[in-house]
Amino acid sequence: MTTSEPITSWRDARFDMPVSRQLERYDALAAKDAAARARVELVTRGIYDPARHGAGDRPALTVAEHLELLALAECIARTVRHPAHVHHALEAGATWADIARIVDSDEPAVRRAYRQWADDQHDLHQSHPHLGMTAEEHAAATARAGQGAAES
């Protein structure tokens, strides 16, 4: 996959391409980087064999490509680690202990992050009524965040 211009921030990737294309581009850049680093390592060790390892040059990533790789990684992480996944898991019946274990955190921290996300969603709804959480949805999420919790 090629892009007309390198992605220069995670926000660019988020809004300019679906996550499947982000993953494709990330994989292409990561593979190019790994191939270049492997060739350098083989040459350094004195065991590079063009017949076995290929005779073609494997140029290192440019600075722009390294930054694009970093931007894509950040965007992918933010997309797949979206707080809405916690919300959906809770609605499906997951426990706070389950979620804390899965994300390698503790329950109070996970609950605080969820409450912050719910507050942000409610604020979003105030400005854009077709987005975010209604007052009723926010109240349910806030109650869900407090269920079974000691003061966190």
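Which residue's side chain meets that of Asp98 in a salt bridge? The partner is Arg101, at 3.7 Å from N to O. The model discussed here is predicted.

Asp98 and Arg101 both belong to helix H6, which covers residues 96–102. They are three residues apart, about one turn of the helix. The N to O distance of 3.7 Å counts as a salt bridge because the cut-off is 4 Å.

The two partners can be described by their accessibility. Asp98 is partly exposed, at 30% relative accessibility. Arg101 is exposed, with a relative accessible area of 57%.

The structure has eight salt bridges in total. Among them is the pair Glu41 and Arg45, whose closest N and O atoms are 2.8 Å apart. Both residues lie in helix H2 with a spacing of four residues, about one turn of the helix. Glu41 is partly exposed, its relative accessible area being 37%, whereas Arg45 is exposed, with a value of 57%.

Another of the salt bridges joins the side chains of Glu74 and Arg78, at 2.6 Å from N to O. These residues are in helix H4, residues 63–80, and because they are four residues apart they are separated by about one helical turn. Glu74 has a relative accessible area of 31% and is partly exposed. Arg78 is also partly exposed, at 36% relative accessibility.

## Arg144, a buried charge

Helix H8, residues 135–146, contains Arg144. Arg144 is buried but has no salt bridge. Its nearest side chain of opposite charge is that of Glu91, 4.4 Å away. That distance does not qualify because a salt bridge requires the atoms to be within 4 Å.

The side chain of Arg144 does make a polar contact, at 2.9 Å, with the side chain of Tyr114. With residues up to four places away in sequence left out, Arg144 touches His87, Leu90, Glu91, Trp96, Arg111 and Tyr114. Glu91 is therefore in contact with Arg144 without forming a salt bridge, since contact means heavy atoms within 4.5 Å.

## Ala145 in helix H8

Ala145 also has its place in helix H8. Ala145 is buried, with a relative accessible area of 0%. Residues touched by Ala145, not counting those up to four places away in sequence, are Trp96, Arg111, Tyr114 and Arg115. Trp96, Arg111 and Tyr114 are also touched by Arg144.

The C-alpha atom of Ala145 lies 8.9 Å from that of Val110, and the two residues are 35 residues apart along the chain.

## Asp33 in helix H2

Asp33 is located in helix H2. Asp33 is buried, with a relative accessible area of 14%; the class applies because buried means under 20%. Apart from neighbours within four places in sequence, Asp33 is in contact with Leu61 and His66.

Val19 is found in helix H2, which covers residues 19–45. Val19 is partly exposed, with a relative accessible area of 30%.

Technical notes: Residues are numbered from 1 along each chain as its sequence is written. This is a predicted model: local features need pLDDT of at least 70, side-chain atom pairs count only at pLDDT 80 or more; totals for chains, interfaces and linings use all residues. Side-chain values use heavy atoms; hydrogens and water are left out. Helices (H or I, at least four residues) and strands (E, at least two) are DSSP runs, numbered from the N terminus. Buried means under 20% relative accessible area, exposed over 50%, partly exposed in between (1.4 Å probe, protein chains only). Lys and Arg count as positive and Asp and Glu as negative; His and the chain ends are not counted. A polar contact is a pair of N or O atoms within 3.5 Å; within protein, one must be able to donate a hydrogen and the other to accept it, and residues adjacent in sequence count only if both atoms are side-chain atoms.
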